[in-house]
Amino acid sequence: MKNDKTDFTQGSILKKLALFMLPILGALVLQAAYGAVDLLVVGRFGSTSGLSAVSTGSQVLNLVTFVVTQLAMGVTVLIARYLGEKKHEFISPFIAAGAVELPLLAYNMLSALFRGMGDSRSPLIFVLVACVVNIIGDLVLVAGFHLDAVGAAIATVAAQAVSVVCAVIMLLKKDLPFSIRK
């Protein structure tokens with residue numbers, strides 16, 4: 001499971017940490033871009049009340065995302081610890097908790113799992129896919145069907161659900177040192 005790039009116990013820690021951190025930073029920036037894309041599309045194709053709703057909703061979503069991301073970072077540390085201690089039976093509850101939550105929480109919990117296994121690039125890919133789906137959804141639902149703020153909300157939740165599905169599929173394809181069960 002461990003390779004030279006994810007083993008922080010040997011070699012240049014600063015270089016490995018920077019390579020691990022950059023995809024996390026990219027994913028956080030992309031997650032924050034959700035609100036900006038929604039604002040741009042609703043501002044261009046929606047109403048002023050819709051724009052106000054998206055602006056307010058984006059602020060609330062950013063707060064929730066911040067809190068969930070910080071909790072997920074703690075989960076990342078625990079998963080890495082349990083993997084290092086070979087206590088794999090403690091990891092499955094994290095996966096189960098993430099699988100039944102809302103899409104935003106599930107994405108962050110699954111991303112924490114990947115990062116805990118030393119993979120910070122996959123969560124970046126998931127959020128990139130979600131951003132593309134969100135942009136397409138915004139354009140179709142807000143510009144095409146004139147659903148205003150509701151269309152932006154549907155596109156955002158759908159995009160996050162797609163990222164969760166991608167994460168689960170990739171997780172199931174990985175050779176894991178622990179089991180995934182209901």
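Q: Helices here are DSSP runs of H or I with at least four residues, numbered from the N terminus. In this predicted model, which helix does Ile154 lie in?
A: Ile154 is one of the residues that make a nonpolar surface patch. H5 and H6 are the elements that give two or more residues to that patch. Ile154 itself lies in helix H6.

Q: Is Ile154 buried, partly exposed or exposed?
A: Buried means under 20% relative accessible area and exposed means over 50%. Ile154 has a relative accessible area of 43%, so Ile154 is partly exposed.

Q: Which element gives the largest share of the nonpolar patch?
A: The patch covers about 720 Å². Its members include Leu128, Val132, Phe145 and Leu147. Two elements, H5 and H6, each give two or more residues. The largest share is four residues, and it comes from H5.

Q: How far does helix H5 reach from its first C-alpha to its last?
A: H5 covers residues 121–144, which is 24 residues. At 1.5 Å a residue, 34 Å is expected. The model comes close to that, with a reach of 33 Å.

Q: Which helices do the buried residues of H5 pack against?
A: The buried residues of H5 include Phe126, Val127, Ala130, Asn134, Asp138 and Leu141. Residues three or four places apart on an α-helix point the same way, because there are 3.6 residues a turn. The packing partners of the buried H5 residues are helix H1 (13–45), helix H4 (103–116) and helix H6 (148–173).

Q: Which residue with a positive phi follows H5?
A: H5 ends at residue 144. After the helix comes a residue with phi near 55°. That residue is His146.

Q: Which residues is Leu171 in contact with, leaving aside neighbours within four places in sequence?
A: Leu171 is among the members of the largest nonpolar core that touch the most others. Contact needs heavy atoms within 4.5 Å. On that test the partners of Leu171 are Ile95, Leu110, Leu113, Phe114, Met117, Leu176 and Ile180.

Q: How many residues make up the other core, the one with Val37 and Val54?
A: This core lies apart from the largest one. Ala149 and Ala152 are also among its members. Its size is seven residues.

Q: Is Gln31 buried or exposed?
A: Gln31 lies in helix H1. Beyond residues up to four places away in sequence, Gln31 touches Thr65, Thr69, Leu104, Tyr107, Asn108 and Val127. Its relative accessibility is 9%, so Gln31 counts as buried.

Q: Which residues are linked in a network of salt bridges?
A: Side chains of opposite charge can pair when their charged atoms come close. Arg81 and Glu85 meet at 3.0 Å, N to O. Glu85 also bridges to Lys87, with the closest N and O atoms 3.6 Å apart. The linked residues are Arg81, Glu85 and Lys87.

Q: At what relative accessibility does Lys87 count as partly exposed?
A: Arg81 counts as partly exposed at 45%. Glu85 is also partly exposed, at 36%. For Lys87 the value is 33%.

Q: How many residues apart in sequence are the parts that Lys174 and Asp119 tie together?
A: Lys174 and Asp119 form a salt bridge, with the closest N and O atoms 3.5 Å apart. Lys174 lies in the segment after H6, whereas Asp119 lies in the loop between H4 and H5. The pair therefore ties together parts separated in sequence by 55 residues.

Q: Which residue is buried, with a relative accessible area of 15%?
A: The cut-off for buried is under 20% relative accessible area. Lys174, at 28%, is therefore partly exposed. Its salt-bridge partner falls under the cut-off, so the buried residue is Asp119.

Q: What distance separates the C-alpha atoms of Lys173 and Gly57?
A: Lys173 lies in helix H6. Its relative accessible area is 70%, so Lys173 is exposed. Gly57 is 116 residues away along the chain, and the C-alpha separation is 35 Å.

Note on methods. Residues are numbered from 1 along each chain as its sequence is written. This is a predicted model: local features need pLDDT of at least 70, side-chain atom pairs count only at pLDDT 80 or more; totals for chains, interfaces and linings use all residues. Side-chain values use heavy atoms; hydrogens and water are left out. The expected span of a helix is 1.5 Å times one less than its number of residues. Buried means under 20% relative accessible area, exposed over 50%, partly exposed in between (1.4 Å probe, protein chains only). A nonpolar core is a set of buried Ala, Val, Leu, Ile, Met, Phe, Trp, Tyr and Cys residues joined through side-chain atoms within 4.5 Å. A salt bridge is a side-chain nitrogen of Lys or Arg within 4 Å of a carboxyl oxygen of Asp or Glu. Patches are made of residues with over 30% relative accessible area and no salt bridge: like charges are joined within 9 Å, nonpolar side chains (Val, Leu, Ile, Met, Phe, Trp, Tyr) within 5 Å. Accessible areas come from the Shrake-Rupley method with a 1.4 Å probe; for residues, only the protein chains shown count as cover.
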